[in-house]
Amino acid sequence: MKYLNYDFIAPSHLHYLKSYRYKGTDQSLLYNHILSPLADFCLRFVPMNVAPNVLTLMGLACIILPHILYFFVMGDNFAGFIPNWLLWLTALLHMLYMNFDNLDGKQARRTKNSSPLGMILDHNFDSMIILLQGTSMTTAMQFGNTIFSVILYIIPSVPFYIIAHEEYYTHEMNLPVINAASEGTISVAVVFAATAYYGCDMWVQKLPWFFNYQINQFVMLMFITSLIIIMPAVFLKIKKFTSITSLLKQLRYFFLFNIVILYSIIFSQSNVIQNHVRAYMYTVGFTMSKAVGVVALNHVSNQKLPEYQNSIYIYVIIFLNTISGQILGQTIINEGFLIQFAATASFLIHIHFLYNVARQISEALNIKIFQINSINK
C-alpha cells in the first residue's frame with residue numbers, strides 16, 4: 001500500500017491539526033426544534049464506545065443501500081415505474097441518514113472525540129450523498145436519460161461547494177434560518193414520499209398556468225431560483241475575508257469541469273448520455289466530492305487552496321474528444337468508453353484521496369478512525 005501513499009498535508013502544516021476546533025451554528029427552526037431534539041433523544045441509546053465516524057458511515061450506508069436497490073430495480077433507466085416500497089424505503093432511510101448526520105457531531109462532543117478527520121469525512125460523505133441520492137431523485141422525478149438528470153445533480157452541488165469555501169475563509173460555518181442542510185435535506189425525503197403517494201406520473205403532468213411546463217421542470221426551475229436568491233449572501237460573507245475576484249479564481253476548477261461535462265453531453269455525436277447518464281453523474285459527482293474534501297482538508301491544515309486538481313486532465317481529454325467529434329463527425333475515442341473510463345477514474349481518485357487523508361491525519365494525531373480514542377464521562 002505504500003506505493004499508493006500520498007501526503008496531501010505538507011509536514012510543516014501538520015501541527016495545525018492539533019489546534020483545529022470546529023466552529024459553527026445552525027439557526028434553522030426545523031433543526032433546533034425537531035431534528036436536534038430527536039438526535040438528542042436517540043443519543044441516549046448510542047453506547048459511549050461507538051466512534052463518531054461509525055455513525056457518519058452508518059448515515060452514508062442509509063443512502064448507499066437504496067442507491068444500489070435502484071440500480072437493480074431500474075438498471076440504467078432514469079425514468080419509469082418505481083415500486084412504492086422502494087420510494088417509501090428511500091424516504092425513510094433518508095430521514096435516518098439525517099439523524100445519523102446530527103448524531104455523529106453530538107457523539108463526538110459527548111465522548112470528546114472531535115477531530116479534523118471527522119469533519120472532513122462528514123463534509124465529504126455529505127457531498128457523496130448529493131451524488132448518490134441525486135441519481136435516485138432524478139429517477140423519481142422522471143427526468144430520464146437526459147442532460148436534465150445531470151443538471152439536477154449540479155444544482156445542489158453549487159451551493160455546497162461554495163459554502164465549503166465560506167468555511168475555509170471565515171473559519172466557521174453558520175447556517176441561516178432556512179438552509180440546505182436542514183430544510184433542503186428534508187425536501188429530498190418529501191420528494192420520495194410524494195412520489196410514492198401520488199405516483200411517478202405526477203412529475204410529468206403539465207402546468208397550464210405556467211407555460212405548460214411539466215411539474216418536474218417547474219420544480220427544477222424553483223431550485224435554480226432559490227440558488228440565485230441565497231448565493232449573494234454567501235458571497236457577501238466571504239467578501240469580508242477575501243476579494244470576490246480571488247474567490248472566483250478558486251471556483252474556476254469547479255465551474256470548468258461542470259461546463260465540460262454539459263458541453264460534452266450537448267455536442268455528443270452519438271447521444272451517449274442515453275446509455276451512460278450514470279457514468280456522467282459519477283464522473284462529475286466524485287470529482288466534486290474530492291474537490292470538497294480538498295477544501296476541507298486545506299481548511300483544517302491552514303494551507304492554501306490549489307487552483308486546479310489533477311482530475312482536470314480527465315476533463316481536458318473529454319473536451320478535446322468532443323471537439324474532435326464536432327470537427328470530424330466522429331470522435332477519436334468512443335464516447336461511451338471514455339465516459340465510463342472517466343467515471344471509474346474519478347471514483348478511484350476519490351477513494352485514493354480518502355484513504356490518504358485518513359492515513360495521514362490518523363498518524364499525525366495518533367488516533368483511530370473507527371474506534372473511540374478515549375472516553376471522558
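Helix 2 and helix 7 pack at about 65°, their axes 9 Å apart; axes here are lines fitted to C-alpha atoms, for helices over the stretch in contact, with angles running from 0 to 180 degrees between N-to-C directions. The pair is therefore roughly perpendicular, a label for angles of 65 to 115 degrees. Helices (H or I, at least four residues) and strands (E, at least two) are DSSP runs numbered from the N terminus.

A word on the model: it is predicted, with local features needing pLDDT of at least 70 and side-chain atom pairs counting only at pLDDT 80 or more, while totals for chains, interfaces and linings use all residues. Residues are numbered from 1 along each chain as its sequence is written, and side-chain values use heavy atoms, leaving out hydrogens and water.

**Around helix 2.** On the helix 2 side, L29, L30, Y31 and L35 meet S182, E183 and I186 of helix 7, where a contact means heavy atoms within 4.5 Å. Y31, L35, S36, A39 and L43 of helix 2 are buried, meaning under 20% relative accessible area with a 1.4 Å probe, protein chains only. Those buried residues pack against strand 1 (24-26), helix 4 (84-111) and helix 7 (180-198).

L35 also marks a kink of about 35° in helix 2, shortly before the proline P37; the bend is the angle between axes fitted to the seven residues ending at a residue and the seven starting there. At the start of helix 2, a side-chain oxygen of S28 comes to within 3.2 Å of the backbone nitrogen of L30.

How do the helix lengths check out? The expected span is 1.5 Å times one less than the number of residues.

| Helix | Residues | Expected span | C-alpha end to end |
|---|---|---|---|
| Helix 4 | 28 residues | 40 Å | 40 Å |

Within helix 4 sits D104, which is buried at 7% relative accessible area. Beyond residues up to four places away in sequence, D104 touches P52, L55, T56 and D122. With T56 there is a side-chain polar contact of 2.8 Å; such a contact is a pair of N or O atoms within 3.5 Å, one able to donate a hydrogen and the other to accept it, and residues adjacent in sequence count only if both atoms are side-chain atoms. The C-alpha atoms of D104 and L57 are 9.3 Å apart, though 47 residues separate them along the chain.

N298, in helix 10 (residues 273-300), counts as buried at 6% relative accessibility. Apart from neighbours within four places in sequence, N298 contacts Y168, Q303, K304, L305 and P306.

Terms used. Buried means under 20% relative accessible area, exposed over 50%, partly exposed in between (1.4 Å probe, protein chains only). Angles under 35 degrees count as roughly parallel, over 145 as roughly antiparallel, 65 to 115 as roughly perpendicular and the rest as oblique.
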